[in-house]
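Work through the exercises below with the sequence and coordinates at hand. Each task is followed by a stepwise solution.

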Amino acid sequence: MKTSLIITTAVICLCGSASAATRSSAGSQAKPVNIVLSDFAFTPQNLHLHHGQAYQIRLVNRGSGGHNLAAPEFFAATQVSPGDAATLVGGRIEVGKGESRTVSLIPVTVGRYRMSCTHFLHAGFGMTGTITVD
């Protein structure tokens, strides 16, 4: 009885460690994507992502004021890391002047999605783009 308890405990510990190692290696395989937000553009303006691939999307605001990246349909079609879910509010990520935000996600649905900045007149001045997932 004592031996089987020790073996069971060892198996549980090893499986837990393997699971943590798998999660850690999956996170390290996330492809970094940088998006610069400026007055009044996204660079790059059009993103091309692959469904099932893990990404770390880093938004860097180099504009003279606040900006956001709004793409509610895209974010609804992704698996966002639980730790980053609070960054998304209403399908958008706010980034203050001089700040950056990083969101880890995996696109799960193929499609073409619109992105824009929803701050007053920003999209009208050209702060728009697309995210294509294939």
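A salt bridge is a side-chain nitrogen of Lys or Arg within 4 Å of a carboxyl oxygen of Asp or Glu. The model is predicted, so local features need pLDDT of at least 70, side-chain atom pairs count only at pLDDT 80 or more, and totals for chains, interfaces and linings use all residues. Residues are numbered from 1 along each chain as its sequence is written, and side-chain values use heavy atoms, with hydrogens and water left out.

**Exercise 1.** Find the salt bridges and state how accessible their partners are.

Step 1. Searching the whole structure gives two salt bridges.
Step 2. E99 pairs with R101, with 3.1 Å between the closest N and O atoms. In the other pair, E94 and R92, that separation is 3.3 Å.
Step 3. Classify by relative accessible area (buried under 20%, exposed over 50%, partly exposed in between; 1.4 Å probe, protein chains only). E99 has 34% and R101 has 31%; both are partly exposed. E94, at 35%, is partly exposed, as is R92 at 30%.

**Exercise 2.** Place F120 in the fold and classify its exposure.

Step 1. F120 lies in the loop between β9 (111-116) and β10 (128-133); strands are DSSP runs (E, at least two residues), numbered from the N terminus.
Step 2. Its relative accessible area is 73%, so F120 is exposed.

Note on methods:
Helices (H or I, at least four residues) and strands (E, at least two) are DSSP runs, numbered from the N terminus.
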